[in-house]
Amino acid sequence: MKNISLRITLLVIAFFIAIAAAVLYLFVSELFFFSNFIIVFGVSFFGLLIFLFFIEWLIIKKINWLTETVDNYRLQGNSNFVAAKKSSNEIENLNHQIFAWAEERKNEIERLKKLEVYRKEFLGNVSHELKTPIFNIQGYILTLLDGGLEDQSINRNFLQRTEKSIDRMITIVDDLEAISQLETGELQLEPEKFDIVILVKDVIEAQEMKATSKGIMLTVEEEKQIFVNADRFRIRQVIVNLVVNSIKYGKEYGETKIRFYDVGENVSIEIADNGIGIGEEHLPRLFERFYRVDKSRSRDIGGTGLGLAIVKHTIEAHNQSINVMSTEGVGTIFSFSLAKAV
């Protein structure tokens, strides 16, 4: 029934009202002529039809205006646009638009709720990360002011510790600024043609001492040259972050392998380790700022908790993507792509 058009409905209504009018005429009229019945029916039917179609035109015009208004409103700056179903029935079209609009509002509310939770977590994490070095600095300075400054056995030591805490605060602020600039596009990339294999080997050489201290072997499974077009400095930061992470969370006497794959117009770089791995429930949030899988252990190991967030935003600034696969107790694989140099 819902697929019957409005005009057919009006036609049926006009027909039955005209029949009723003609029958009523026969009851009140003293003379019965079939021709009179036909005339009354015809006049009533066509008169009603013209009137009802005029009313329908006014209603449909208003409905189409409402449908267009809702559709235009939904299109204005709506990143969560839900496509509405199309129908030959104007009322159904308006109904579909309203339902799609309601779905968009529902999605928007859910998105805002998630952002609010993320905002609260982010502010809490920033506060926590900055609070530790601030309290350390305060403690060292108070100790020096309480007489430690005159004690040569502790004054230099405490000043050096204060410097380390200040450096940590500066690192956190610099990392946050870098992420913000990458997100807003304020940080301009400087792409150039370079050999990604040589860059990876340079990073491995720089991190070799750190890896050796844990007995971890760093290997590159590529000998030929592979040229990419990217910001060399920023990509070096990405590789350093991923390699250092693989060392931090790798098993003693384990291995980290860097592999390269040809993917059409891009090159895929894969950094795989056989470390402790990451639980599946943590993977969707792994690139969030300050997110830590094991908070207590991560802070003991060190780092600002912003490394992977910077990695993600740097790769996305190159219009590429980064992925992670991991199994607890088996290891983790990070892979990202870069455009080949022409």
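**Notes on the sheet, its helices and the aromatic pairs**

1. Strand 4 and strand 5 are antiparallel partners, joined by eight bridges. The model is a predicted one. Within this pairing, Phe-260 has Ile-269 of strand 5 as its bridge partner. The two strands make a hairpin with two residues between them. Gly-264 lies in that turn and has a positive phi of about 65°.

2. Strand 5, residues 266-273, also runs antiparallel to strand 7, residues 331-339, and eight bridges join them. Two of the partners can be named here. Val-267 is bridged to Leu-338 in strand 7, and Ser-268 is bridged to Ser-337 in strand 7. Strand 5 is mostly covered, with seven of its eight residues buried.

3. These strands belong to an open sheet of five strands, whose order is 2-4-5-7-6 and whose pairing is mixed. Strand 2 (217-220) and strand 6 (322-327) are at the edges; each has a single partner strand, so one side of each lacks a neighbour in the sheet. From one strand to the next the twist averages 15°. As background, strands of a sheet pair through backbone hydrogen bonds, in either a parallel or an antiparallel sense.

4. Which helix packs on the sheet? Helix 6, residues 232-248, does so, and it touches strand 2, strand 4 (255-263), strand 5, strand 6 and strand 7. The direction of helix 6 makes about 170° with that of strand 7.

5. Helix 6 also meets helix 8, residues 307-317. Their axes come within 9 Å and cross at roughly 145°, and the crossing is left-handed. On the helix 6 side the contact involves Arg-234, Ile-235, Val-238, Asn-241, Leu-242 and Asn-245. On the helix 8 side it involves Gly-307, Leu-308, Val-311, Thr-314 and Ile-315. Sorted by class, this contact has six nonpolar, four polar and one charged residues.

6. The count of aromatic pairs comes to two. One is formed by Tyr-140 and Phe-158, which are edge-to-face, with 5.3 Å centre to centre and 65° between the planes. The pair links distant parts of the chain, 18 residues apart: Tyr-140 is in helix 3 (residues 90-145) and Phe-158 is in helix 4 (residues 155-184). Phe-158, at 14% relative accessibility, counts as buried.

7. Phe-287 and Phe-334 also form an edge-to-face aromatic pair, with 6.2 Å centre to centre and 80° between the planes. This pair links distant parts of the chain, 47 residues apart. Phe-287 is in the loop between strand 5 and helix 7 (295-301), whereas Phe-334 is in strand 7. Both Phe-287 and Phe-334 are buried.

8. A last point concerns Ala-100, which is placed in helix 3. Its relative accessible area is 6%, and Ala-100 is buried. How far apart are Ala-100 and Asp-71 in sequence and in space? The two are 29 residues apart in sequence and 9.5 Å apart in space, C-alpha to C-alpha. Tyr-140 of the aromatic pair in point 6 is in helix 3 too.

Definitions and conventions: Residues are numbered from 1 along each chain as its sequence is written. This is a predicted model: local features need pLDDT of at least 70, side-chain atom pairs count only at pLDDT 80 or more; totals for chains, interfaces and linings use all residues. Side-chain values use heavy atoms; hydrogens and water are left out. Two strands pair if DSSP finds at least two bridges between them. Helices (H or I, at least four residues) and strands (E, at least two) are DSSP runs, numbered from the N terminus. Axes are lines fitted to C-alpha atoms, for helices over the stretch in contact, and angles run from 0 to 180 degrees between N-to-C directions. Contact means heavy atoms within 4.5 Å. A crossing is left-handed if the near helix is turned anticlockwise from the far one by less than a right angle, and right-handed if clockwise. Ala, Val, Leu, Ile, Met, Phe, Trp, Tyr, Cys and Pro count as nonpolar, Asp, Glu, Lys and Arg as charged, and the others, Gly among them, as polar. Rings of Phe, Tyr and Trp (its six-membered ring) pair if their centres lie within 6.5 Å; planes under 30 degrees apart count as stacked, over 60 as edge-to-face and the rest as tilted. Buried means under 20% relative accessible area, exposed over 50%, partly exposed in between (1.4 Å probe, protein chains only).
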